[in-house]
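I am opening a page on a structure that is new to me, and I want to look up a few places in the chain one after another.

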Amino acid sequence: MNGFADRPWLRMLALGGTVVAAIFLLWRSDEAPVVDQEAAALRGDAEPDGFVVNGNYRSFDETGNLEIRFASPRIEQFEESNLATMDSPRAELYGDADTQPWIVEADRGRLIQNQELVHLTGNVQVLRSVSGRDTTLTTRTLTLDNNEGVVFTDAPVEIRDVTGITTAVGMKAWIDERILELNSQVEGYYDTGN
């Protein structure tokens with residue numbers, strides 16, 4: 001039989017090669033891994049499963065009319081928690097062709113995908129212009145429930161338009177019905193335009 005048992009020099013050569021390979025692997029494992037700093041900075045500290053930089057999205061209805069235009073400088077997706085986070089989200093929500101879109105902006109946003117909930121935080125603004133009359137709603141937090149077509153917050157809210165200012169703590173709005181309910185501590189100042 002011509003194997004390792006009959007050739008001691010071949011056994012020694014194979015053993016020596018194995019030892020050299022093991023030493024090389026141990027030596028390499030002590031080195032810090034090579035990290036592309038540019039790629040690491042782009043990926044971010046949160047280590048998302050996926051991310052988009054300078055994202056711009058458009059959604060159209062079945063007849064081809066623009067429904068939503070959305071932009072964010074950074075969106076990160078975390079698959080395990082069905083979560084997407086957004087930096088400085090800005091959305092334009094279109095309705096009838098002859099009306100101006102609603103504009104929604106915030107410092108941060110979170111989309112819980114399996115529940116279709118969007119949570120906006122930090123300097124949340126909703127801007128609406130109807131017949132030259134601008135209305136701005138501001139608050140610290142705002143949640144949109146896409147399943148129910150409802151927008152709500154428990155935080156203080158301020159609504160400004162050309163005729164005055166209304167403040168309240170908490171609100172709920174039904175989007176399709178165009179109903180706004182202010183929860184508590186409602187105060188208003190109105191200028192009748194003498």
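**Around Gly-170**

I began with Gly-170, which I found in strand E10, covering residues 164-174. The model is a predicted one, and I keep that in mind for every entry below. Is Gly-170 buried or exposed? I noted that Gly-170 is buried, since its relative accessible area is 1% and buried means under 20%. Leaving aside neighbours within four places in sequence, I listed the contacts of Gly-170 as Thr-153, Asp-154, Ala-155, Val-157, Glu-181, Leu-182 and Asn-183. I also looked up Glu-158, which is 12 residues from Gly-170 in sequence and 9.9 Å from Gly-170 in space, C-alpha to C-alpha.

**The partner of E10**

I then followed E10 to strand E11 (residues 179-190), and found that the two run antiparallel and are joined by 9 bridges. Within this pairing, Met-171 stands opposite Leu-182 in E11. The hairpin of E10 and E11 has 4 residues between the strands, and there I noted Arg-178 with a positive phi near 55°.

**Salt bridges**

How many salt bridges does the structure hold? I recorded 7, and looked at some of them in turn.

Arg-69 forms one with Glu-92, where the closest N and O atoms are 3.8 Å apart. Because Arg-69 lies in strand E2 (residues 66-78) and Glu-92 in strand E4, this pair ties together parts that are 23 residues apart in sequence. Arg-69 counts as partly exposed at 31% relative accessibility, whereas Glu-92 counts as buried at 13%.

Glu-105 and Arg-90 meet through their side chains in another salt bridge, at 2.9 Å from N to O. That pair links distant parts of the chain, with Glu-105 in strand E5 (residues 102-105) and Arg-90 in strand E4, 15 residues apart. I also wrote down that Arg-69, Arg-90, Glu-92 and Glu-105 are linked in a network of salt bridges.

Asp-161 and Arg-133 meet in a salt bridge as well, at 2.6 Å from N to O. Here Asp-161 belongs to strand E9 (residues 150-161) and Arg-133 to strand E8 (residues 133-145), 28 residues apart.

**Surface and whole chain**

Leu-93 is found in strand E4, residues 90-93, and is partly exposed, with a relative accessible area of 32%.

How values were computed:
Residues numbered from 1 in each chain as written. Predicted model: local features only at pLDDT ≥ 70, side-chain atom pairs only at ≥ 80, totals over all residues. Heavy atoms only, no water. Buried < 20%, exposed > 50% of the residue type's maximum accessible area, 1.4 Å probe, protein only. Contact = heavy atoms within 4.5 Å. Pairing = 2+ DSSP bridges. Salt bridge = Lys/Arg side-chain N within 4 Å of Asp/Glu carboxyl O.
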